[in-house]
Amino acid sequence: MGTTKYSLNNDVKSGSLATEELTLSFGPQHPAAHGVLRLVLQLNGETVVRCTPYVGYLHRGIEKLAEHRNYFQIIPLTDRLDYVSSMTNNIGYCIVVEKLFGIDVPERAKFIRTIAAEMSRILSHLLWLGTHALDIGAMTVFLYCFREREKFIDLFERLCGARLTVSYPRIGGVRNDIGNNWLEDLYKLTEEFPMRIEQYETLIDKNRIWLRRTKGIGVISAEDAINMGLSGPLLRGSGVAYDVRKFMPYSAYDKVKWEVPIGKNGDVYDRYRVRMEEFRQSNSIIRQCIEKISSGPIMAQAPKFILPPKDKVLTDIEHLIHHFVLITKGAQTAHHGEIYVATEVPKGELGFYIVSDGTGKPYRMRIRAPSFVHISALPKLCEGALVADVVANIGSIDIVLGECDR
Amino acid sequence: MTILEIGITFIKVFILVTIVLLHVAYATYCERKVIGHMQARLGPMHVGPHGLLQPIADFVKLFFKEDIIPSNADKPVFFIAPVIGVIAALSSLAVIPLWETFSIANLNIGILYILALSSLGAYSIILAGWASNSKYAFLGGLRASAQVISYEIAIGLSLVGVMMLAGSANLVDIVNAQSMYPFILVQPIAFFVFIMSAIAETNRAPFDLPEAESELVAGYFTEYSGMRFGLFFMAEYVAMFIMSAIATICFLGGWKGPDFWVFSYVPQIVWFLIKVYALIFFYFWIRATLPRYRYDQLMGLGWKLFIPLALANIVITGLVKLF
């Protein structure tokens with residue numbers, strides 16, 4: 001406003017009053033743009049004509065950094081991808097490297113990983129639900145979600161000492177064993193948790209305003225969703241029952257009974273429903289894992305790739321040499337070539353593609369981040385919608401910019 | 001009017017404005033506490049016992065903050081917008097009868113006066129949005145203007161039924177006409193329409209679209225800081241008090257309470273304030289509970305539901321009065 005001067009009289013005389021689209025820079029500092037997302041919106045009144053996402057504000061060069069680190073040193077880097085659910089990233093990375101090295105993970109470690117991954121999924125979905133509801137204006141849900149999130153994070157803290165950037169899994173297993181007390185406390189929490197989910201649903205699911213804000217908004221058809229490469233709750237919300245955990249099971253997902261919840265219409269509401277059902281499924285997976293977990297080793301027997309136990313290193317010369325070689329040269333793989341493994345993280349399908357040249361460091365590591373793919377769906381979702389729908393759509397695609405920009 | 005009367009009026013104004021400003025300070029505290037407890041947290045706790053001095057700390061902070069004026073802002077309009085808001089809100093207080101014999105001006109057109117001033121209050125929002133030279137503020141201002149058009153009508157029409165029953169637009173007469181029963185019993189539709197429209201009128205959740213923080217940052221006052229921002233804040237809370245007071249006067253029997261046993265010894269002002277604060281509590285409550293409406297849905301609600309309901313209410317009231 002103010003910069004362009006119209007000659008109003010001439011326009012009125014000629015019958016063509018000049019109008020102009022309003023360009024609104026939405027983010028990177030905006031209360032509803034999750035993280036540092038920047039959208040440039042072309043507005044006609046309140047209607048979005050064009051929506052252009054800009055990414056890269058959180059680029060830290062994780063893929064490049066990985067080329068200069070030993071395989072086991074990359075784990076903390078993967079924490080910083082989707083920092084809301086670092087556990088699933090760690091596990092996804094470890095599974096790729098284990099496949100590259102040809103390591104079999106012991107049974108107990110698989111169960112521990114499954115439990116931790118599902119807790120992480122609940123954590124991520126809790127943050128999503130809270131912020132999504134807050135964007136739409138229901139602020140109480142946000143604080144209720146954080147109340148439960150705190151309890152799960154406390155358990156993470158007891159598990160590995162960290163609350164967010166956990167770096168708990170190791171190539172070949174997990175860092176430390178879990179105690180029975182911890183499992184009992186988690187079991188108690190899972191008993192209480194379904195009641196909490198119902199509490200959130202009472203607040204928003206039966207609320208007419210919520211339904212009107214979410215039903216029929218941001219519709220993606222199943223065909224479009226597949227063509228755009230969407231995954232996770234977005235794809236399932238459109239009615240495609242694809243879940244990596246079901247189709248290419250890893251960890252202990254093939255040993256527990258669970259279902260893939262799907263939506264029908266592919267709108268914001270269906271994606272919301274899918275994630276709410278995933279709360280229940282994750283909860284049930286955790287309970288089954290706690291019931292089925294057996295005692296045993298937590299690290300694989302593969303001395304060529306795995307650091308020897310610390311107490312042995314300090315007392316035994318062979319272990320010390322072994323330790324020294326692994327730390328300086330890295331775990332050398334005989335495998336030349338490339339490998340890609342995908343895992344299901346809360347946001348969708350997270351894939352790690354590694355090119356190995358036989359040294360202790362990856363020659364190239366590429367991360368297929370679901371958030372990056374999902375942002376590309378945003379222009380299609382937002383065009384023709386209102387400004388208020390833009391925030392509903394951002395909430396429903398559940399992106400984390402750390403993962404998108406890497 | 002003698003000098004004595006003018007003096008008394010000045011003292012009344014002074015007392016009333018002081019009390020209402022204190023109300024504003026502690027309504028913010030109360031809101032934060034009420035919503036805090038609804039959200040499983042404590043609200044302000046650190047400044048003073050149970051955070052009781054928090055509003056004063058907030059006021060001092062706002063008062064001494066730097067007053068930032070955006071470059072290219074329309075300065076005179078930018079300055080005057082919050083002042084219009086506060087003046088409109090505070091002058092509405094003049095006709096509110098806190099008890100039977102206390103009101104600064106006992107106007108015969110009390111309701112019309114309040115409606116006129118609340119429309120004027122909307123100008124402060126529109127002008128603030130326009131003058132800030134910010135796109136977010138601009139959109140907030142536009143939303144406010146659309147909202148005002150939709151809800152002014154509904155709010156006016158919902159009070160017509162009350163005026164028909166009381167046969168007067170004078171607020172004292174309206175309360176006196178409710179000596180048998182409060183009008184909420186015979187005008188439930190009008191009460192519903194009035195309360196909902198009043199929420200939209202004062203820009204409170206779930207109709208807080210002009211200041212929807214997740215969409216428009218802070219809406220029309222995005223560019224305001226310091227005491228100018230404080231003035232908008234003050235105007236909103238005074239407007240909330242006035243709307244609750246009007247609802248109390250027109251539908252809940254104003255200062256009248258049950259007239260038996262010990263209740264007849266309770267002062268009228270106490271009854272009045274209990275009713276007003278019950279309504280304000282209701283405002284807080286729905287803010288903690290409900291998501292926000294979308295702009296076009298809000299328009300639809302106003303034009304397609306509230307206005308027809310209010311019109312139907314007038315027709316029914318007229319028919320009942322006729323026969």
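B:A40 is found in the loop between helix 1 (3-38) and helix 2 (54-64) of chain B, where helices are DSSP runs of H or I with at least four residues, strands are runs of E with at least two, and both are numbered from the N terminus. This is a predicted model, in which local features need pLDDT of at least 70 and side-chain atom pairs count only at pLDDT 80 or more, while totals for chains, interfaces and linings use all residues. Residues are numbered from 1 along each chain as its sequence is written, chains are lettered from A and ligands numbered from 1 in the order in which they are written, and side-chain values use heavy atoms, with hydrogens and water left out.

**Loop residues of chain B**

- B:A40 has a phi near 60°, a positive value in a residue other than glycine, and B:A40 is partly exposed at a relative accessible area of 49% (buried means under 20%, exposed over 50% and partly exposed in between, with a 1.4 Å probe and protein chains only).
- B:N72, which lies in the loop between helix 2 and helix 3 (75-92) of chain B, has a phi near 70°, again positive in a residue other than glycine.
- B:N72 counts as exposed, because its relative accessibility is 66%.

**Chain A as a whole**

- Chain A has 18 helices and eight strands, and buried residues make up 59% of its 406 residues.
- The C-alpha atoms of chain A fill a box of roughly 95 × 45 × 35 Å, taken along the principal axes.
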